[in-house]
Amino acid sequence: MSLNRNEKAAVVDGVSAQAARSQTLALAEYRGLTVAHLDKLRRQARDNGVYLHVLKNTLARRAVAGTPFEVASDAMVGPLIYGFSEDAVAAAKVIADFAKGNDKLVLKGGAYAGKALDANGIKALASIPSREVLIAQVAGLLKSPIQRMAGVIAAVAEQKGGAEAPAEAPAA
């Protein structure tokens, strides 16, 4: 069923608004996926805050015109599913993880920070830990020197305390 001009304009406006809020665009060809697989992919996307949509490529090109995602227009060929995310890695991670378990979903490319990414670029972006994991790692790095210093001070205090103890008198 085709859309009339007003419906197409509404779709373009909706996708444009989503693109304006997003940091990352990931594209994948979904040819051969069953409805059950697509539903599972959509559920995972929703859980991770990813806007996932099947669009006509001409509408998608219009929607991303004038945005940092315009650089991905050349990759918009064939039956594609578009994933937009506000988190820098979420869209790439959801699509790449799903593609690992399903050979019918083929990564095509995307865009991040105004740069076009190929399939390997999307995989590399997906391998970056999430924001929460990175924050935890930085907190651990900041905490580590303090813990080591406290351990050294405790060891020095323990040795010093043992050296000051009076020696026992030899038994006669």
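How do the residues of the lining of the largest pocket divide into nonpolar, polar and charged? The views below are taken from a predicted model, in which local features need pLDDT of at least 70, side-chain atom pairs count only at pLDDT 80 or more, and totals for linings use all residues. Residues are numbered from 1 along each chain as its sequence is written, and side-chain values use heavy atoms, without hydrogens and water.

**View 1. Lining of the largest pocket.** The lining divides into 3 nonpolar, 3 polar and 5 charged residues (Asp, Glu, Lys and Arg count as charged; Ala, Val, Leu, Ile, Met, Phe, Trp, Tyr, Cys and Pro as nonpolar; the others, Gly among them, as polar). Among the lining residues are N48, G49, E86, D87, K93 and E132, and helix α4 (residues 90-101) gives the most, with 4 residues.

**View 2. The tilted aromatic pair of Y51 and F84.** The two rings lie 6.2 Å apart centre to centre, with 45 degrees between the planes (rings of Phe, Tyr and Trp, the last by its six-membered ring, pair if their centres lie within 6.5 Å; planes under 30 degrees apart count as stacked, over 60 as edge-to-face and the rest as tilted). Because Y51 lies in strand β2 and F84 in strand β3, the pair ties together parts that are 33 residues apart in sequence.

**View 3. The edge-to-face aromatic pair of F69 and F84.** Here the centres are 5.6 Å apart and the planes stand at 70 degrees. F69 lies in the loop between α3 and β3, so its pairing with F84 ties together parts that are 15 residues apart in sequence. Ring pairs link Y51, F69 and F84 into a cluster.

How values were computed
On a 1 Å grid over the protein atoms alone, a cavity is a set of points where a 1.4 Å probe fits but cannot get out, and a pocket is an open set with protein on both sides within 12 Å along at least five of seven lines; lining residues have an atom within 4 Å of a point. Helices (H or I, at least four residues) and strands (E, at least two) are DSSP runs, numbered from the N terminus.
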